[in-house]
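Here are a few friendly notes to read alongside the structure. Please keep the model open and find each residue as you go.

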Amino acid sequence: MGNTLTCCVCPNASPKLGRRGGPAEPDYESEVYEAAAGDAVAIAPAPAAVEPTELDFRAGEGHHLQHISDREMPEALESNPSDHPRAGTIFLSKSQTDVREKRKSNHLNHVSPGQLTKKYSSCPTIFLDDSTVSQPNLRTAIKCVISAIYYHIKNRDASRSLDIFDERSHPLTQERVPEEYFKHDPEHKFIYRFVHTLFSAAQLTAECAIVTLVYLERLLTYAEIDICPTNFKRIVLGAILLASKVWDDQAVWNVDYCQILKDITVEDMNEMQRHFLELLQFNIHVPTSVYAKYYFDLCFLADDNNLSFLIAPLSKERAQSLEAISRLCEDEYKDLGRVDVRRSFSADNFIGIQRSNAILL
C-alpha cells in the first residue's frame, strides 16, 4: 500500500482499483468525470500526504465493509433471474397461484393430494431417481420445462409481443390458422406435442431443455414481452435453436429444423434467430449457479404438480458408482484449488502446529 491512501481505508480516495497480481483496470467513469470537471480538478488543492502511521484505523471499526458482489446492480438481481442465482425464477412464481388454488380445492373437497402413494426413503432402503443436476432425466426435464411454459402463458401479465415472433405474421405452416386459435391459451398436451417433436427429431439433451428455459425467461425480461398464444411457438423455437447451438458440440443446423417443420424457410429461421440474439444483447452465457437454480426450481415445480419420477431402490452397484463419481469430482476440485488458490504462509498457520513434549526416561 506504501504511502498512498487506497480504497482499502477510504473507498472514495482511489479512483482506480487494480487487481492483485495483474494490471489495473481503467475506471472509465472516473475518466469521464475528470474530463467533465475541467479546470475545477486542476484548481482544487491537493491533499497532504498521509503517512501510514497517521492513518486512523479506528474510524472504520464497527462498520461492515460490504463485498463488491453485494453492491453491484441490486435491481438486476430482481429483474433478471436468468443472470443471477439469487433472483427467483419467473415460472415458479407464476405457478404458485395455481398450486395454492389446487391445494385449497383439495382441502375443501377432502381430496388426497396424491402424495400418499409417493415412496419415501428409510434406514434400510433409499429411493433415488435417475435424474441429477449434471445428468437430468430427459423425459422428466422436458415435462417440467413444458409445465413452466404452460404457466408462463396461462398466468401472463399482458400480451405484449413483437412482430418477428407473431405467428400470424410469420406462420409456421402453410395451412391457414383460424383467428380463434390465437384467442385461447394452448393446452398442456398441445405444448408438449410441439416441444417433444423438436427434441425427439433433433435428438436434443435434457440439459438443452433447461438452457432453453433460461433463454426464454431472459428474452421475456430483456425484451419486456410476454409469451402468449400468438407467439409461444416461435419464441420456444428460437430458444431451442440457440440452446442447441450453445450447449451441444455438434449443433443442429437451421436447415435441419426446416426438415422437421416443413413449411418454415431457412431465411425466416435465420432472421428470427438474429432478432433473438439482438434482444438478448448477445448474452448467451449461462452460469453454473443459474443452471443449478433452474434445475432445482423445476424439481419443485414437478413436486407441486405430481409429475412422475422413475425412482428405484438404491442398489449396491449404483451406490458404488455414485461414490466413484463423487470421489472423482472431489479430486478434480482439489486439483483446481491447488492450481488457482495460492495462499501465503502467515502467522495464522502456526496455531495448528504443536510440538510434542519430550519424554525423559
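1. Let us begin with Thr230, which sits in the loop between helix 8 and helix 9; helices here are DSSP runs of H or I with at least four residues, numbered from the N terminus. Thr230 is buried, with a relative accessible area of 9%. Buried means under 20% relative accessible area, exposed over 50%, and partly exposed in between (1.4 Å probe, protein chains only). Leaving aside residues up to four places away in sequence, Thr230 touches Phe165, Asp166, Glu167, Arg168 and Phe182, where contact means heavy atoms within 4.5 Å.

2. A word on the source: this is a predicted model, in which local features need pLDDT of at least 70 and side-chain atom pairs count only at pLDDT 80 or more, while totals for chains, interfaces and linings use all residues. Residues are numbered from 1 along each chain as its sequence is written, and side-chain values use heavy atoms, with hydrogens and water left out.

3. Glu224 is exposed, at 56% relative accessibility. Its phi is positive, near 55 degrees, although Glu224 is a residue other than glycine.

4. Now look at Gln203, in the loop between helix 7 (188–202) and helix 8 (206–223). Gln203 is not a glycine, yet has a positive phi of about 55 degrees. Is Gln203 buried or exposed? With a relative accessible area of 67%, Gln203 is exposed.

5. Helix 11 (residues 266–279) has 14 residues and reaches 20 Å from its first C-alpha to its last, close to the 20 Å expected at 1.5 Å a residue; the expected span is 1.5 Å times one less than the number of residues. Which residues of helix 11 are buried? They are Asp268, Met269, Met272, Gln273, Phe276 and Leu277. Seen down the axis of helix 11, these buried residues fall within an arc of 170 degrees, so they line one face of the helix; the arc is that of the directions from the helix axis to the C-beta atoms. An α-helix has 3.6 residues a turn, so residues three or four places apart point the same way.

6. What do the buried residues of helix 11 pack against? Their partners are helix 8, helix 9 and helix 10 (254–260). After helix 11 comes Gln281, with a positive phi near 60 degrees.

7. Finally, find Phe296 in helix 12 (residues 288–304). Phe296 is partly exposed, with a relative accessible area of 43%.

Notes. Helices (H or I, at least four residues) and strands (E, at least two) are DSSP runs, numbered from the N terminus.
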